[in-house]
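Open the model in your viewer and keep the selection tool at hand. We will go from stop to stop, and each one says what to pick next.

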Amino acid sequence: MSKQNPVPNRTYKSTIFIRLMEDKRKLLEVYNAVSGNHYTDPDLLTINTLENAIYMSVKNDVSFLIDSRLYLYEHQSTYSPNLPLRLLLYLGDLYAGMTENENLYGRKLVKIPPPQFLILYNGEEELPDRKILRLSDMYAAEEAEHKLELEAVMLNINAGHSPELLSVCSILWEYAEYTARVRKYAKKQSIEDAVERTIEECIEEGILEEFLRKNRAEAKNMSIYEYNQEKHLRQEREASWEEGRETGIQEGRKAEQRKTAFNLSEMGMDVEKIAQAVEASVEDVQSWLRGECVEN
């Protein structure tokens with residue numbers, strides 16, 4: 001694998017989005033924009049993002065408490081329908097940490113903050129401005145009533161999407177603009193040069209200026225990593241799709257061969273000629289006519 005496109009390190013935890021949300025002022029701005037509240041004191045937020053690798057060497061992006069409620073925010077550049085289960089696992093670890101000194105076997109009721117789940121999406125796959133992901137969509141069996149449900153709101157923050165949200169939340173607009181420029185320039189030049197050009201332009205134009213000035217080298221490394229990770233995951237999906245497509249074509253062709261073989265047999269043609277006509281082996285044709293399934 002070349003240095004231009006390394007296989008992503010699953011234990012790598014920092015991204016530009018996570019680093020931006022470590023600033024309570026910026027996190028409060030996002031919270032206000034999404035919730036419709038107008039708080040001005042960042043200290044009302046208590047950030048409790050998981051600090052250690054918890055599940056599959058990945059930690060949750062941002063979690064915090066405000067108004068006695070627990071909020072889990074995830075940023076995604078690749079869409080996955082499995083996010084509700086991942087969020088449930090993160091939630092379990094957060095609740096475990098919150099109640100580690102409580103007597104969960106006692107008679108006194110232990111109070112826990114109700115959770116809210118938000119996914120901020122800015123990948124290249126075209127998705128609606130708003131989408132609800134449910135844990136119940138992952139259940140392998142249908143139930144009249146789900147005993148455990150988790151609903152996450154996914155908001156598309158790409159340029160041209162969610163205009164009302166981006167118009168009142170400058171940090172999300174700036175982040176979306178920064179990401180869009182990296183992708184745009186990376187189509188014409190190396191990712192290293194694309195990121196450097198984007199950083200130069202954004203600093204000049206006041207886009208993420210404070211963060212980029214203070215964390216220029218780190219921001220460049222994170223952007224290169226995130227771009228390569230996104231590209232790698234996209235290639236994996238495309239490879240899986242192509243593999244499934246080829247499998248479907250092969251199965252369809254085999255079904256046509258079997259159907260033709262049966263028809264020719266009904267017309268009295270012998271097995272050898274049938275095999276020649278459908279371009280299959282004599283053994284396969286004999287198995288089809290006996291009603292057996294042959295896997296090549």
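A cavity here is a set of grid points where a 1.4 Å probe fits but cannot get out. Keep in mind as you look around that this is a predicted model.

**Stop 1: the enclosed space**

How many cavities of 30 Å³ or more are there? The count comes to 1, and the largest cavity has a volume of about 160 Å³. Select Thr 179, Ser 223, Glu 226, Tyr 227 and Glu 230, which lie nearest its centre among the 13 lining residues. The elements giving two or more residues to this lining are α5 and α8 (216-266). The most come from α5, with 5 residues. Colour the lining of the largest cavity by class and you will find 5 nonpolar, 5 polar and 3 charged residues.

**Stop 2: helix α5**

Now select residues 170-186, which make up helix α5. Is α5 enclosed or open to the outside? Because 13 of its 17 residues are buried, the rest of the structure largely encloses it.

**Stop 3: the sheet**

Switch to a cartoon view and find the open sheet of 6 strands, with the order β1-β2-β3-β4-β6-β5 and mixed pairing. The edges are β1 (46-47) and β5 (130-134); each has a single partner strand, so one side of each is left without a neighbour in the sheet. Next, pick β2 (residues 62-66), which pairs with β3 in the antiparallel sense over 5 bridges. To see one of these bridges, select Val 62 together with its partner in β3, Tyr 73.

**Stop 4: the second largest pocket**

Which residues lie nearest the centre of the second largest pocket? Select Val 34, Leu 118, Arg 130, Val 153 and Leu 155, out of 18 lining residues. The volume of this pocket is about 360 Å³. At least two lining residues each come from α2 (24-35), β3 (69-76), β4 (115-121), β6 (151-156) and α4 (163-168). Here α2 gives the most, with 4 residues. By class, the lining of the second largest pocket has 11 nonpolar, 3 polar and 4 charged residues.

**Stop 5**

Finish with Cys 169, which counts as buried because its relative accessibility is 0%. Then go to Cys 202, also buried at 0% relative accessibility. With a cut-off of 2.5 Å between cysteine sulfur atoms, the model has 0 disulfides.

How values were computed: Residues are numbered from 1 along each chain as its sequence is written. This is a predicted model: local features need pLDDT of at least 70, side-chain atom pairs count only at pLDDT 80 or more; totals for chains, interfaces and linings use all residues. Side-chain values use heavy atoms; hydrogens and water are left out. On a 1 Å grid over the protein atoms alone, a cavity is a set of points where a 1.4 Å probe fits but cannot get out, and a pocket is an open set with protein on both sides within 12 Å along at least five of seven lines; lining residues have an atom within 4 Å of a point. Grid points are joined across faces, edges and corners, and a volume is the space filled by probe spheres set on the points. Ala, Val, Leu, Ile, Met, Phe, Trp, Tyr, Cys and Pro count as nonpolar, Asp, Glu, Lys and Arg as charged, and the others, Gly among them, as polar. The expected span of a helix is 1.5 Å times one less than its number of residues. Buried means under 20% relative accessible area, exposed over 50%, partly exposed in between (1.4 Å probe, protein chains only). Two strands pair if DSSP finds at least two bridges between them.
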